[in-house]
Amino acid sequence: MHKTCTEVWNNCLQIIKDNIPAQSFKTWFEPITAMKLEGSVLTVQVPSLFFYEWLEEHYVGLLRKTVKQQLGEEGRLEYNIVVDKSSNTGSPYTTSMPSNGNGGASKMQSMPVPVSINKDIKNPFIIPGLKKLNVDPQLNSNYTFEGYVEGDCNRLARSAGFAVAAKPGATSFNPLMIYGAVGLGKTHLVQAIGNEIRRTLPDKLVIYVSCEKFCQQFVESLKNNTINDFVNFYQAMDVIIMDDVHNFAGKEKTQDIFFHIFNHLHQSGKQIIITSDKAPKDLSGLEERLLSRFKWGLSADLQIPDLETRVAILRKKMYADGIELPTEVVEYVAHNIDNNVRELEGAMVSLLAQSTLNKKDIDLALAKSMLKNFIKNTNKEISMDYIQKLVCEYFEVPVEMVKSATRKREIVQARQISMYLSKSMTKSSLKSIGAFYGGRDHSTVIYACQTVEDLIDTDKKFKGYVTDIQKKLKMS
């Protein structure tokens, strides 16, 4: 039975989906369409040339393996690329490209490109002399990519930002929208993009402005009858970075003027970068036509950083400030402040200030004492419920499964470690521990504790699990 191109590609997608983050899969693979299958050559269509370049740079190995798995060793991949517009007609056309990872599947099959526009025709929208203005970009020079710690929580947004910084206005990420909760680094990232563009492309006019500031400027221009100057200024920019666009909510006239500025910049191939506290679909109080334009490019979210990323952020700040702190202090702060990078750095600054003012060395005791205003539940009593929750989070298993009768290996391991820690770190009796973990008797608890102790003595990896969990419990 011969498979269709769609069946082959869907099988490839199933493998790819299991090997990359969900957000990356949604961004880079869901838009791809299977076009045809000729022998061992699978052709897929991608939305743009930049899309093709990104896949070949970041996922060529994975694509090659999956295609060969479906079509055999001779399996090869070709791309059918949609080129959005020609230089004079604006009509879309396509061109084919082989994957670099397949040894050059076939020669490039170029489609005729429309004739270029006459270069002698002057652009009536260019304002003479305005490009010569020395515009203050309003950027903080401390916000750079070097100072921005990468982790699973921000990898897509940072990678997209770096691509935009390299080719502003020339990627499919236009606009680039970075969204996430307060204190996760949105402003740092978008200003890092602006600073990188200024560093590598100094002729580009870059401006950073908060939405609130933009609204104030618009109101002033209305009062002073200088609305044309206001619009012309922003339309002359090569890169506009707008922070906190959710603050446009309810401001209809300001939205209208930004809509026209947005259209002009986008049609002129200029880069637009915006931030928000929510995804476009969750924003309220904004006109639908503006929201639809926010969805044209890429929307990348910033999530809460994991423990390793929080530790890396603190170490980066320590290095930048030329200070050293005990590892246990860094881990304590990172473990307890787990939802806000700004609070994380603020806690470190507060700790250093308290140490300097009181002339005390920074140790774990001082950290616990000084950071009560930042850290919630510092004196949390360790309970069996908390132990079970932390163990389940560590092994990524559902809490309810630990109390069930299942004998799956990962569930049994989490249950036995929970019982062992409950016995060693609480005052609960064996009977109450057994009852808590699914109504088991005390002999089951004894067996679980003995099993864990034996594995600690014989299995180095298992010992590392238990030690790591114990450390997290003691920090709490």
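The structure before you is a predicted model, in which local features need pLDDT of at least 70 and side-chain atom pairs count only at pLDDT 80 or more, while totals for chains, interfaces and linings use all residues. Residues are numbered from 1 along each chain as its sequence is written, and side-chain values use heavy atoms, with hydrogens and water left out.

I turn to confidence. pLDDT is the predictor's confidence in each residue, from 0 to 100. The protein chain averages 81, and 86% of the residues score at least 70. Over residues 84–92 pLDDT stays under 50, and the model has 19 contacts there beyond four places in sequence. It also stays under 50 over residues 102–132, with 36 such contacts.

Next, helix H1, residues 5–17. Helices (H or I, at least four residues) and strands (E, at least two) are DSSP runs, numbered from the N terminus. The expected span is 1.5 Å times one less than the number of residues; for the 13 residues of H1 this gives 18 Å, and the end C-alpha atoms are 18 Å apart, which agrees.

Which residues of H1 are buried? They are Cys5, Val8, Trp9, Cys12, Leu13 and Ile16, where buried means under 20% relative accessible area, exposed over 50%, and partly exposed in between (1.4 Å probe, protein chains only).

Finally, Gln255 lies in helix H9 (residues 252–267). Gln255 counts as buried because its relative accessibility is 1%. Leaving aside residues up to four places away in sequence, Gln255 touches Phe248, Ala249, Gly250, Gly285, Leu286, Glu287 and Leu290.

Terms used. Contact means heavy atoms within 4.5 Å.
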